[in-house]
Every structure is written in structure tokens, then in C-alpha cells.
Amino acid sequence: MPRNDGVFFTSSSFRIPSSDRSLSQTLASHLSRARHSASQLIHSLRNLSNFLKNHPTAASTHSAFGIHSLIRGSPLLCFASLSLTAPNDNISKSPMLCSASLSLSQPSSPDSAQSGLEVTQKGQSTTAGRNDEERVLISEVLVRNKDGEELERKDLEMEALTALKACRANSALTVREVQEDVHRIIDSGYFSSCMPVAVDTRDGIRLVFQVEPNQEFHGLVCEGANVLPSKFLEDAFRDAHGKVVNLKRLDEVINSINGWYMERGLFGLVSGVDIFSGGIIKLQVAEAEVNNISIRFLDRKTGEPTKGKTKPETILRQLTTKKGQVYSMLQGKRDVDTVSTMGLMADVSIIPQPAGDAGKVDLIMNVVERPSGGFSAGGGISSGITSGPLSGLIGSFAYSHRNLFGRNQKLNISLERGQIDSIFRINYTDPWIEGDDKRTSRTIIVQNSRTPGTLVHGNQHDNSSLSIGRVTAGIEFSRPLRPKWSGTAGLIFQHAGARDDKGNPIIKDFYGSPLTASGKPYDDMLVAKFESVYTGSGDQGSSMFAFNMEQGLPIMPEWLFFNRVNARARKGVEIGPTRLLLSLSGGHVVGNFSPHEAFAIGGTNSVRGYEEGAVGSGRSYVVGSSEVSFPMLGPVEGVIFADYGHDLWSGPNVPGDPAGARYKPGSGYGYGFGIRVDSPLGPLRLEYAFNDKHAKRFHFGVGHRN
């Protein structure tokens with residue numbers, strides 16, 4: 001294949017395309033005149049017949065010398081033409097749309113010319129519609145160039161002949177049929193004009209289609225295409241180099257270019273097409289660039305513009321759409337979703353408007369702010385409580401502010417209190433550190449908590465309770481790593497120990513198993529944390545993978561030194577109206593760690609059918625789960641599930657072997673069914689499960705499983 005050295009590309013501003021309406025109106029006017037003029041062809045031929053009957057001398061002359069001797073001064077008795085041309089100012093909208101005109105030439109004889117004109121005038125006023133259906137016998141059909149000579153390229157002649165449908169030798173034709181075949185020749189795309197000429201010969205009437213082929217393609221100039229890949233244009237025109245320009249194919253290329261912009265939601269289209277001498281095609285592309293982006297705050301009640309509390313730059317930095325870019329509706333939708341996920345706005349929308357500069361748009365983002373925060377109260381259920389109908393209930397009281405200083409910084413102070421559980425937490429988050437271009441967030445945590453120790457150590461033999469107290473302080477940094485991936489790194493200090501039901505520190509449980517790694521009432525540790533998370537669409541049924549690693553740093557001699565890794569994976573598959581959800585999690589810890597930090601297996605978020613932590617407590621673990629959910633009625637859906645968990649025979653390696661002292665099996669499975677109901681707090685889950693020990697158990701939870 002020869003190289004396309006003539007194909008080159010440039011880029012510049014664009015011009016607005018002309019109106020489709022004026023183009024169609026012009027074409028309709030020309031075609032209307034064409035129909036009237038074409039009917040004159042029929043009248044002229046009939047007038048010739050009458051002329052010969054009324055002039056015997058002419059008739060005898062015709063008998064002796066032929067009809068051409070009658071019109072020696074003019075080579076044609078009559079001349080009818082239908083010319084279809086494509087003006088440059090309209091080809092940009094559709095290369096296949098052409099203007100049309102018909103002209104009628106009369107013989108040079110004054111008498112015959114006058115007679116012909118009289119028939120034409122009468123035909124235009126009384127018989128034009130009827131003559132559309134009158135037929136004239138055609139003895140021969142030819143294709144010639146505009147000078148009446150044979151075409152140099154026989155393949156183009158065959159293209160024109162192939163396009164004909166009605167016009168055949170020895171056929172009787174109407175004006176309408178000739179006109180339709182002219183359109184078919186033009187519609188083939190290879191010709192810029194087509195003129196039907198009727199010639200009366202001694203063998204009959206010869207119909208000649210005088211065509212003007214398009215130029216050969218030798219180069220391309222594309223202006224204004226700033227985002228359209230050059231390779232896209234090169235591929236579109238590669239096979240056309242050196243060949244006659246086909247307007248039909250050119251129209252397909254223009255549609256493909258417009259389709260490329262449409263598929264990507266970009267404001268762009270081909271606004272002009274010109275074909276210059278030498279076979280150079282010029283494409284003018286219009287791309288709407290973003291001129292300015294502004295934020296407009298609207299009142300929640302009236303919808304009128306108002307003053308907002310959020311700083312505009314806090315919103316603008318969330319947008320991926322920037323000034324000077326070609327506006328993309330898809331990118332704008334993602335920006336709306338991003339601003340909505342900030343949690344500050346009740347409603348977000350983008351309105352593009354024409355800018356003062358031609359070819360540019362201004363974007364106005366309308367936002368309705370939510371209340372910035374306040375006090376709240378609520379409740380929940382602890383999954384670590386295994387006995388007592390009300391012992392797992394937790395009450396909560398919180399103060400939150402989600403837009404400190406108008407920069408989307410969040411402050412949460414909360415207190416949760418139950419019969420055994422209690423958590424006091426102060427959490428400050430800056431979702432985007434000022435001056436950082438990587439969208440890094442910072443979170444500072446201070447927490448004092450008391451949670452049940454039954455997950456690992458179970459209830460005491462004398463029915464006394466055991467709880468784990470922790471004081472935690474730390475800082476974490478998070479940022480997007482790549483699309484759908486995020487990373488978190490942090491440094492956390494923890495001071496933790498066990499207490500009895502009276503709140504007194506203890507170092508051993510009822511079975512004599514140690515409750516701390518150091519042998520002291522409390523263990524201290526400084527933990528470096530790293531976590532990477534992949535999420536698909538963000539829906540609970542989508543794919544997810546999370547990897548977490550914690551490293552204990554023995555800065556002080558008595559601080560714990562250990563390494564813990566944990567991984568979770570989830571995959572959802574839609575099967576008709578049902579959804580299959582598969583999940584797998586596992587982990588391992590090495591080094592010196594507190595026994596209450598062992599991996600606990602069993603319970604609502606692990607192996608259902610067992611109490612919390614009743615399957616095992618080990619240095620390692622693996623838990624697999626499968627669920628099939630299906631819609632039932634409105635927000636209610638049913639679920640069938642099966643779970644399996646194993647401590648990988650690592651239970652005895654936990655200091656004091658708390659699992660062995662309580663005869664935990666180390667492995668087990670459960671299965672069952674349940675229902676789920678959507679609620680403002682998240683899915684409410686009620687499940688009934690059976691385990692491999694033939695025990696039955698109800699499980700109730702709020703939110704998705706871990």
C-alpha cells in the first residue's frame with residue numbers, strides 16, 4: 001500500500017454550521033422548478049411531431065435527408081438538462097444534498113422556437129402534473145462526460161450505469177423516472193453533477209447522462225479537531241488515497257467522526273466540508289471548549305440564588321473538567337457525582353451555556369447545601385454480645401460538623417454506651433489537604449473504648465464478664481492510587497488491657513490463660529498501618545479486594561513487635577433476577593501480640609450458625625461465604641447462604657490457647673436462609689442458620705456483612 005504523504009492535519013478554531021432549514025428549502029425549490037422544466041422535454045418532443053405533420057416539406061425533407069437536416073443550425077432539436085451540484089456552503093451539512101435546475105433549449109429556427117415556447121407556457125400552466133406520467137420511448141441510454149465525450153475511466157461509467165433503475169434502452173420513460181435515476185447516479189457518490197440530455201436520432205431518442213466525476217483524493221486538512229485522534233482520521237481516509245472521492249463514503253466518515261464525539265459525550269461535530277482543486281478535502285470540526293466554570297448556591301426552600309457557606313474553590317478542585325477542555329457530558333456527570341459524595345450538597349447539577357466567544361461554553365454548577373451538622377442520637381446492636389436479649393443494645397449520642405471553615409473538613413464527637421460496650425471517639429478528617437495535588441486526605445483519631453472479650457476468651461466459667469479496654473490515638477493519610485484503587489497509611493498508638501465485670505484490670509482468665517502479651521495489666525504498641533482497597537462500582541454486589549498490613553514498632557523495649565496481614569475479596573454475579581455473591585477472607589499474624597487480638601471465627605459476620613467467635617481463635621484463619629439473593633416484595637429480598645471457616649490449626653499457637661481451653665472446634669460451617677430490608681440505617685438482616693453441630697441460631701444485623 002503506498003504511503004499517504006498527502007494526508008496532513010492542522011488544528012484551528014471552528015465556525016458555526018449553516019442552517020439545515022435553509023438548505024432543505026433551497027433544494028425543494030430547485031427540485032420543484034426541475035419538475036416543471038423536465039415536463040417541457042415531453043412537450044418539445046410532441047411539438048416536433050405536430051410540426052412535421054403540419055409542414056409536409058419538412059416531412060419530405062426528413063424522409064430524404066433525415067431529421068438532422070431540419071435543424072442544421074442547431075445540432076439538437078431540444079436540449080433538456082437536470083443538473084445536480086453541491087455548493088460548498090452547504091456540503092458541510094450533508095455531502096449528499098444537492099441543488100437542482102432544469103433548462104430547455106429550442107432549435108434555432110424562429111418558427112419552431114416560438115411554437116415550442118407556446119407549448120411550454122401552456123404546459124406549465126395546465127398540464128405539468130399530467131405530463132409527469134406521460135411516457136417517451138427511449139432507444140439508447142449512454143453515460144458521457146459534460147462535453148459529451150466518453151469517460152476516461154470505464155469503472156465510473158459502470159458505476160453510473162449500475163445506478164440506473166428505470167432508464168434502459170428500448171424503454172418508455174416518464175420525466176419522474178428520469179429524475180429518479182439522476183438522483184440515483186448522484187447518490188452513488190462518485191459524481192458532482194449529472195445532466196440528462198435527450199437527442200433525437202434516426203434510430204429514436206437517445207438519452208445521454210452527462211456526468212462530472214469527483215476529483216481524486218490526494219490530501220486532507222482537518223481544522224479545529226483538538227481532541228480527535230489523528231490516527232482516527234488516518235484510518236478513515238487511508239484506503240481512499242488516490243481514488244475518486246465518493247461523497248457517500250465521505251458522508252459515512254463524517255457520521256463516524258460525529259459518532260466518536262457522541263460516544264464520549266463531547267460537544268463536537270463536523271461543521272464544514274470543502275473539496276479543493278487537486279483533490280484536497282478540508283474538514284472543519286467544531287469543538288465547544290469550556291470558557292469558565294462558576295458555582296451558584298441555591299436556597300433549599302425557594303430555589304433562588306443565595307450565599308453559600310462552602311468556599312467555591314473547595315468545590316471547584318473536585319472537578320476534573322477544567323477551563324480550555326472540550327466539554328464532555330460524561331465527565332460532567334462524574335463531576336456531579338463527585339461533588340455529591342462530599343456529603344455537603346442536597347442537590348447538584350451542571351448547566352452549560354454559550355459563552356461570549358464563539359465555540360465556547362460557560363458551565364454553571366448549581367448546588368443546594370445541606371445543614372452543616374448538629375447533634376444526633378441513635379442506637380445499634382453489638383455483634384460481640386452473645387447472651388441476654390437486651391445486652392447487645394447500644395445507645396449513641398453524637399455531635400458532627402461536616403463543613404468546618406467551609407472547606408469540607410469534618411469533625412465528629414460521639415459517645416456510644418451499652419451494658420458492656422462503651423466508645424468515646426473524636427474524629428477529625430480533612431478530605432483533601434490544602435496544596436496537595438494528589439487528593440490526599442488526613443484523619444486524626446482519639447478513642448477510648450471498652451468492648452466484650454468474648455470473641456476470643458468467651459464467657460467466664462462463673463458467668464462473670466470480661467471486657468477489653470483500649471485507648472487509641474493516631475493519624476492516617478489516604479489517597480487514590482489509580483482508578484478504583486485507594487491506599488491508606490497511618491501510625492497508631494494503642495494502650496490495651498483486660499478488665500473484669502467490676503472494671504478491675506486482670507492478667508489471666510478463669511482458665512489461667514494470659515490476657516496480655518507482656519504479662520502486665522496493659523500492652524502498649526505503636527502500629528504502622530498500610531491498606532490498599534479496590535472497589536468496582538461501589539455497590540455491595542460488585543467486585544472488591546482489600547489488603548491490610550499492620551506492623552508493630554518496638555520503639556520502647558516493652559512495646560509489642562509483630563506483623564499482621566489480612567485480605568478480603570468479594571465477587572458478585574447477576575444471574576437473571578437473582579444475584580450470586582462470593583466472598584473470601586483470610587489472615588495471619590507473627591510475633592508477640594495480645595491474645596485478644598487473635599482472629600476470631602464464627603458469628604453474624606463470619607460463620608453463621610455459631611455464636612460470635614465460637615468456631616475458633618487463631619494466629620491464622622480463612623472464611624468463605626456464598627449467598628444467593630432474590631427480590632421478594634418491594635424493599636424486601638430473600639437470601640440463601642452457606643459459610644465455612646477454619647483457623648488453619650493455629651489455635652494452640654495463640655498465647656494461653658484460649659480456643660483449646662474452651663473446646664472450640666477450629667473449623668465449622670453453617671447454612672440457612674433469611675430476609676433483608678432496606679432502611680435509612682442500611683440493610684436490616686434477619687437470618688436463621690444451622691451449623692454442622694446440628695445447632696440452630698437466629699442472627700440479626702444492621703448493614704452489610706464485613
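**Stop one: a helix and its neighbours**

Select H7 and look at what its buried residues pack against: strand S7 (219-223), helix H8 (247-263) and strand S9 (280-287). Contact here means heavy atoms within 4.5 Å, and helices (H or I, at least four residues) and strands (E, at least two) are DSSP runs numbered from the N terminus. You're looking at a predicted model, where local features need pLDDT of at least 70, side-chain atom pairs need 80 or more, and totals for chains, interfaces and linings use all residues. Residues count from 1 along each chain as its sequence is written, and side-chain values use heavy atoms, leaving out hydrogens and water.

Now pick out Leu 233, Ala 236 and Phe 237, the buried residues of H7 (residues 230-237); buried means under 20% relative accessible area with a 1.4 Å probe, protein chains only. They sit on the same side of H7 because they cover an arc of only 85° around the axis, taken from the directions from the helix axis to the C-beta atoms.

**Stop two: the sheet**

Show the open sheet of 3 strands, ordered S7-S9-S8 with mixed pairing; strands pair if DSSP finds at least two bridges between them. S7 and strand S8 (268-276) are at the edges with a single partner strand each, so one side of each has no neighbour in the sheet. S8 and S9 run antiparallel, joined by 8 bridges. Zoom in on Ile 275 to find its bridge partner in S9, Ile 281.

**Last stop: Gly 701**

Jump to strand S31 (residues 696-702) and select Gly 701. Its relative accessibility is 9%, so Gly 701 counts as buried.

Definitions and conventions: Buried < 20%, exposed > 50% of the residue type's maximum accessible area, 1.4 Å probe, protein only.
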